[in-house]
Each structure stands twice: as C-alpha cells, then as structure tokens.
Amino acid sequence: MSAGAVFAGIGLLGSVMQYKSTVAAGKSEREIYNAQARNKRLEGRVEAIKAKEKAVEILRQTKKALASNIAGGYAAGVSPYVGSVQTVSSQQVLRPAALDVGITDMDALLAVEQANREAGYLEYRGSMAARQAKTQALGNLVMSVAQVGMSGALSGLGGSSAGALAKPGIAGNMSQLNT
C-alpha cells in the first residue's frame with residue numbers, strides 16, 4: 001500500500017468526520033430555531049393572558065359604575081331601570097365597556113396568531129438551516145472523494161495499472177453490438 005493511498009484514506013476519513021460534524025451543526029441550529037419558536041408561542045400566550053386580564057379589569061370597573069348608577073337612582077328616589085338612569089347605564093357605561101372588552105379580546109387573538117406565525121417562520125428557518133448544512137456537507141464530501149479519485153492516489157490498489165473503464169469487457173462489447 002502506497003503512502004498516497006494512506007493519506008487519501010485519512011483525507012476521506014476526515015471528510016466523513018467533517019460531514020457528520022456539519023450535519024450535526026445543522027441539526028443543532030434547527031433545534032435552536034425550534035426553541036425560539038416555542039418561546040415565541042409562549043410570548044403570544046402571555047400577551048393573550050394580559051389582554052384577558054385587562055378585559056376582566058374593564059368588566060370590574062363596569063360593574064362598579066353600574067352599581068354606582070343604580071345606587072344613585074335609588075338615592076334620588078327614581079327607578080334605576082327606566083328613564084335617564086337606565087339610559088346613562090347603557091349608553092355611557094355598558095356600550096364603552098363592551099367595545100373595550102371586544103378590543104381586548106381581539107388583542108388576545110391577534111397576539112396568539114402573530115406569535116404562531118413568527119414561530120412557524122422560525123421553524124421553517126431551522127428546517128432550512130438543517131437542510132442547507134446537510135447539502136453543504138454532502139457537497140464537500142463528494143468533492144473530497146472526487147479529488148482523491150482524480151489525484152490517482154487509489155489507482156494502485158486495484159492490482160493492475162489499467163482502470164476498469166479502460167479494459168475491454170462487457171461494456172466495450174455492448175457498445176459494439178449496438179452499431
């Protein structure tokens with residue numbers, strides 16, 4: 001076995017190790033992106049919970065305002081369920097509160113949807129990073145094998161100096177049959 005063949009084998013072994021390393025790096029990068037995606041989803045849920053808590057606070061304030069209007073109506077000797085007290089309760093307390101609660105519900109929904117969209121994008125980036133690493137590693141491995149093959153370092157290992165393609169054999173005879 002010649003020294004060139006030994007060095008070629010070592011070079012190929014190094015190329016295989018580099019392939020494995022590059023693929024592993026791509027997988028770890030994908031995992032990093034997946035972790036960022038999970039964090040984005042959690043951030044979206046946190047924002048949704050904050051919006052729901054804001055809606056609950058709006059409803060608490062509405063309850064206090066309605067109780068105040070009803071108590072004021074009774075204190076004035078007026079029925080709080082008809083007339084001006086009812087109009088004030090529905091138009092100046094309930095309507096704005098309902099609008100505010102609706103807006104906070106939409107904020108919660110949008111926070112979750114935006115977080116899911118961003119998380120999906122991060123997962124896509126992770127998948128693409130892993131694919132790109134694998135493609136790059138495979139390309140480098142193929143190039144290394146091609147370089148070793150073109151260098152002729154392994155040509156003396158076959159037993160004869162003529163390559164398999166140069167020998168007239170079945171392939172050579174097949175090409176003559178078709179003419």
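Visitor: Which residues are linked in a network of salt bridges?
Guide: Lys 40, Glu 43 and Glu 118 form that network. A salt bridge here is a side-chain nitrogen of Lys or Arg within 4 Å of a carboxyl oxygen of Asp or Glu. This is a predicted model, in which local features need pLDDT of at least 70, side-chain atom pairs count only at pLDDT 80 or more, and totals for chains, interfaces and linings use all residues. Residues are numbered from 1 along each chain as its sequence is written, and side-chain values use heavy atoms, leaving out hydrogens and water.

Visitor: How many salt bridges does a search of the whole structure find?
Guide: The search finds six.

Visitor: What does Lys 52 pair with in a salt bridge?
Guide: Its partner is Asp 105, at 3.8 Å from N to O. This pair links distant parts of the chain, 53 residues apart, with Asp 105 in helix H2 (residues 84–151) and Lys 52 in helix H1. Helices are DSSP runs of H or I with at least four residues, numbered from the N terminus.

Visitor: And where do Glu 47 and Lys 50 lie?
Guide: Both are in helix H1 (residues 3–75), three residues apart, or about one turn of the helix.

Visitor: Changing topic: is Glu 47 buried, partly exposed or exposed?
Guide: Glu 47 is partly exposed, at 42% relative accessible area; buried means under 20%, exposed over 50%, and partly exposed in between (1.4 Å probe, protein chains only). Lys 50 is also partly exposed, at 48%.

Key:
Helix = DSSP H or I, 4+ residues; strand = E, 2+ residues; numbered from the N terminus.
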